[in-house]
Every structure is written in C-alpha cells, then in structure tokens.
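Let's take a walk through this structure together, one part at a time. Have the sequence and the 3D view ready as you read.

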Amino acid sequence: MKEANDLGAVVRALADPTRRAMFERIADAGEIAVADLTHGSGVTQGAVSQHLKTLKQAGLVAERPEGRKVFYRVAPGGLAPLADWIDHYDVFWRERFGKLRALLKEIDT
Amino acid sequence: MSNAAIEQDTTHDIVVDEVFPHAPEAIWTALTSGDLIGRWLMPPTGFEPVEGNRFTFKTTPAGPWDGTIHCEVLEVRPQKRFAYAWKGGHEANVGYGAKLDTIVTWLLSKVDGGTRVRLVHSGFVLPLNETAFSNMGAGWKKVVPRLGEIASEI
C-alpha cells in the first residue's frame, strides 16, 4: 500500500515525458523485459534503468527477476492517487442520485 | 507543459444513469429550482436556471483552494437537457482539490413508468493515455466496494 505522501512521487515520476512514455509502454505490454524496453526507445539501457528505478520508487511499476532478465509490469493501485478526484465525484453523484430520489418521493406523490 | 504532453492527456467522464418513477416535469423542477437543489445536491448561491447565469457551491477546501465550485449555466432545454460548467480546485493540489474544468450535463427522457435521468460529468483530465488507466484497473474501480455501502444506505 502506498501512503498519501507518495502522491508527489507519482506526479514527479509521470511529469517526465520519457518516463511517462515508458510507463505507458509497460502498461501496453503487460510485462516487458528491460532489454525490450530499451530497444527502440532511443535511450541507453542505463537511462532506462534509472527511469525504472524512479517509477518503482513511486510505486508505479513492479519487477520480477527471471534468470538473468528482469521483467517490469504496472503495479496495481499505483495510479490510484491520481484518480482520487474522479473517485470523489463518482461517489458524490451516486450519493446525490439517492438524495434526489428521496426528495422526489417526498414532493411528487 | 509541452504540446506533446497535452496531446497525451486524456479526459474521463463520470456517467450515472437511472430511471426514476416520476414525470420529467417533476425531475426538471428538482434539478432547476435553487431551493430544491439545496435539498439534494448543495445549496447554490446566485442560481437562476437561465443560460449565462453564474452561481457557486461551497465545498470542503483543500490546500490553496477555498472549496468554491464556480458554475455557469450553459444550456436549458426544459424537461430535456440542463448543463452547467463546474470549475474549481487548484493546480497545486493532487487528488481531491486538484484543478477542475468540467461540465455537468443532465439528460432526461420519458420511459415507461417514469423518466430516465442521465448525468454526465465530463472533462476530468488524466495525465496519461486511456490504455495506461484501463490496464491499470485499480484507479476508480476501487470505488466499487464503497458503492455497495452507499447503495445499502439508500
């Protein structure tokens, strides 16, 4: 579980366009090896590793070593802090529908 | 923010769609009368159901945001469609209280035994493409267990 104070880390991690593209590529792939992520990315494997480290520290990706390779996938819940505002309104409107229903029952009989 | 980054952003809509056992006229009144809005949504300040009218709601502040929602009536088509801008939040906030430039649209249509009420709250900007979010799953889907709690209260 990531704490609320990790919000800043999530935002900072995704503010960098290269890192954001990398995160989206991992999301698209489901799971991807570092070598495959480096291939065609236009950045060195060292730079890719640094970006992965930042994403991992922000709780956005998880790694799985297999033999000499390391695979990365998107970490469940990592984006939850960004969706909080939407969640807030999702709950808000459903509650309000309930209140609207009760009000109509009262005034329109 | 660069243009490339803006192009990568995506927006998300919240949709709630339910059938009410009431005529469109009754629902329209509940949606567009200031006193009644105060009883099911929040008390509005300065509200008139007239296109171009500006009004506000007061909600919980967060960080540099004072909690005021600034609204403007955009469309009034009696018993059919009612839309208002819904703006608030602050750039310095993340999550609750983040900057918001959205539109709330109510769509009413007559159905057997009542009225279908469709709410679309559109324009939530997500700083990632949709694939990243949908593959992610956990974001707003974590709300589902909470919906069960709310439904049981209604």
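Chain B contains 6 helices and 6 strands. Reading from the N terminus, its elements follow the order α-β-α-α-β-β-β-β-β-α-α-α. Chain B has 154 residues, and 20% of them count as buried. Of the contacts in chain B that link residues at least 6 apart in sequence, 43% join residues at least 24 apart.

Please keep in mind that this is a predicted model. How high is the average pLDDT of chain B? The average is 81, and 75% of the residues score at least 70. In residues 1–8 of chain B, pLDDT stays under 50, and the model has 5 contacts beyond four places in sequence for them. In residues 135–154 of chain B, pLDDT also stays under 50, and here the model has 27 contacts beyond four places in sequence. For the model, the scores are ipTM 0.77 and pTM 0.68.

Now find helix H2 of chain B, which spans residues 24–32. Which residues of this helix are buried? Ile27(B), Trp28(B) and Ala30(B) are. They lie on the same side of H2(B), because they cover an arc of only 165° around the axis. There is a general rule to remember when you look at such a pattern: an α-helix has 3.6 residues a turn, so residues three or four places apart point the same way.

Moving along chain B, stop at the loop between strand E3 (68–77) and strand E4 (81–88), where you will find Gln79(B). Gln79(B) is not a glycine, and yet it has a positive phi of about 65°.

Val104(B) is 19 residues from Gly123(B) in sequence, and the distance between their C-alpha atoms is 9.1 Å.

Let's turn to chain A. Here 3 strands make an open sheet with antiparallel pairing, in the order E1-E3-E2. At the edges are strand E1 (31–33) and strand E2 (61–66), each of which pairs on one side only. From one strand to the next, the twist averages 30°.

You can follow the pairing residue by residue. E1(A) and strand E3 (residues 69–74) of chain A run antiparallel and are joined by 3 bridges. Within this pairing, Glu31(A) stands opposite Arg73(A), and the bridge partner of Ile32(A) is Tyr72(A). E2(A) and E3(A) also run antiparallel, joined by 6 bridges. One pair to look for is Arg64(A) with its bridge partner Phe71(A) in E3(A). The hairpin of E2(A) and E3(A) has 2 residues between the strands, and Gly67(A) takes a positive phi near 60° in this hairpin.

What lies across the strands of this sheet? Helix H2 of chain A, residues 17–29, lies across E1, E2 and E3, and runs at about 90° to E3(A).

Apart from neighbours within four places in sequence, Leu55(A) is in contact with Ala13(A), Arg19(A), Phe23(A), Leu60(A) and Val61(A).

Definitions and conventions:
Residues numbered from 1 in each chain as written. Chains lettered and ligands numbered in written order. Predicted model: local features only at pLDDT ≥ 70, side-chain atom pairs only at ≥ 80, totals over all residues. pLDDT = per-residue confidence, 0-100. Contact = placed C-beta atoms within 7 Å. Pairing = 2+ DSSP bridges. Helix = DSSP H or I, 4+ residues; strand = E, 2+ residues; numbered from the N terminus. Axes fitted to C-alpha atoms, helices over the stretch in contact; angles between N-to-C directions. Buried ≥ 20, exposed ≤ 12 C-beta atoms within 10 Å, placed from the backbone. Arc of directions from axis to C-beta.
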